[in-house]
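Please open the structure in a viewer and keep the selection tool at hand.

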Amino acid sequence: MENVADQLADSAPRFARDALEALSAGDAVGFALYAATSLEHLLKCYLARKHPALVVDGKHLDSLLHACG
C-alpha cells in the first residue's frame, strides 16, 4: 500500500491538469476548485513527508496513533 505522501503526490498533478482544462474551457469556478485542490495536495504531501501525523486531525486519537505507527 502506498503511503499518504505518495498518494498526495500522485493526485496533485491530476488536479492541476483538470484545472488547466477548466481554464481553457472558460470555467473559472472549476479552475479555482481544481487549482486549490492541487495546491492543497502538494502542501499536504510536503507535510506528510516530514511526518504523517502532520496531516491528521489531532482530535482523532485513533488516526493520530495510526499515522505514528
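**A tour of the chain**

Begin with Leu 42, which has its place in helix 2, the element formed by residues 28-50. The model on the screen is a predicted one.

**Stop 1: the surface at Leu 42**

Is Leu 42 buried, partly exposed or exposed? Its relative accessibility is 48%, and it therefore counts as partly exposed.

**Stop 2**

Helix 2 consists of 23 residues. From its first C-alpha to its last it reaches 33 Å, close to the 33 Å expected at 1.5 Å a residue.

Which residues of helix 2 are buried? They are Gly 30, Thr 37, Ser 38, His 41, Cys 45 and Ala 48. Helix 1 is included in what covers these buried residues.

**Stop 3: Ser 38**

Select Ser 38, which also lies in helix 2. Ser 38 has a relative accessibility of 7%, which is under 20%, so it counts as buried. Display the residues around it and look for Ala 12, Phe 15 and Ala 16. Ser 38 is in contact with these three, when its neighbours within four places in sequence are left aside.

**Stop 4: the salt bridges**

How many salt bridges does the structure hold? There are 2.

For one of them, select Arg 49 and Asp 6, whose side chains meet in a salt bridge with an N to O distance of 3.5 Å. This pair links distant parts of the chain, since Arg 49 belongs to helix 2 and Asp 6 to helix 1, 43 residues apart. Arg 49 has a relative accessible area of 51%, which is over 50%, so it is exposed. Asp 6, at 27% relative accessibility, counts as partly exposed.

Next, select Lys 44 and Glu 40. Lys 44 forms a salt bridge with Glu 40, and their closest N and O atoms are 2.9 Å apart. Why are Lys 44 and Glu 40 separated by about one helical turn? The reason is that they are 4 residues apart in helix 2. Lys 44 is partly exposed, with a relative accessible area of 34%, and Glu 40 is likewise partly exposed, at 37%.

**Stop 5: Leu 23 in helix 1**

Move to Leu 23, which is placed in helix 1, residues 4-24. Its relative accessible area is 49%, so Leu 23 is partly exposed. Use the distance tool between the C-alpha atoms of Leu 23 and Cys 68: these atoms are separated by 39 Å, and the two residues are 45 residues apart along the chain.

**Stop 6: Ala 67 in helix 3**

Select Ala 67, found in helix 3, which covers residues 61-67. Why does Ala 67 count as buried? Its relative accessibility is 19%, and buried means under 20%.

Which residues does Ala 67 touch, not counting those up to four places away in sequence? They are His 51, Pro 52, Ala 53 and Val 56. Take Pro 52 as one of these contacts. The C-alpha atoms of Ala 67 and Pro 52 are separated by 5.4 Å, and the residues are 15 apart along the chain.

**Last stop: the whole chain**

Clear the selection and display everything. The protein chain contains 3 helices and 0 strands, and its elements run α-α-α from the N terminus on.

The C-alpha atoms fill a box of roughly 45 × 25 × 20 Å, taken along the principal axes. The protein chain has a radius of gyration of 14 Å, whereas a compact globule of 69 residues would have one near 11 Å.

Finally, colour the chain by accessibility. Of its 69 residues, 20% count as buried. The protein chain exposes about 5,000 Å², and 62% of this area is supplied by carbon and sulfur atoms. Among contacts between residues at least 6 apart in sequence, 37% join residues at least 24 apart.

Methods: Residues are numbered from 1 along each chain as its sequence is written. This is a predicted model: local features need pLDDT of at least 70, side-chain atom pairs count only at pLDDT 80 or more; totals for chains, interfaces and linings use all residues. Side-chain values use heavy atoms; hydrogens and water are left out. Helices (H or I, at least four residues) and strands (E, at least two) are DSSP runs, numbered from the N terminus. Buried means under 20% relative accessible area, exposed over 50%, partly exposed in between (1.4 Å probe, protein chains only). Contact means heavy atoms within 4.5 Å. The expected span of a helix is 1.5 Å times one less than its number of residues. A salt bridge is a side-chain nitrogen of Lys or Arg within 4 Å of a carboxyl oxygen of Asp or Glu. The radius of gyration is taken over C-alpha atoms; the globule rule is 2.2 Å times the number of residues to the power 0.38. Accessible areas come from the Shrake-Rupley method with a 1.4 Å probe; for residues, only the protein chains shown count as cover.
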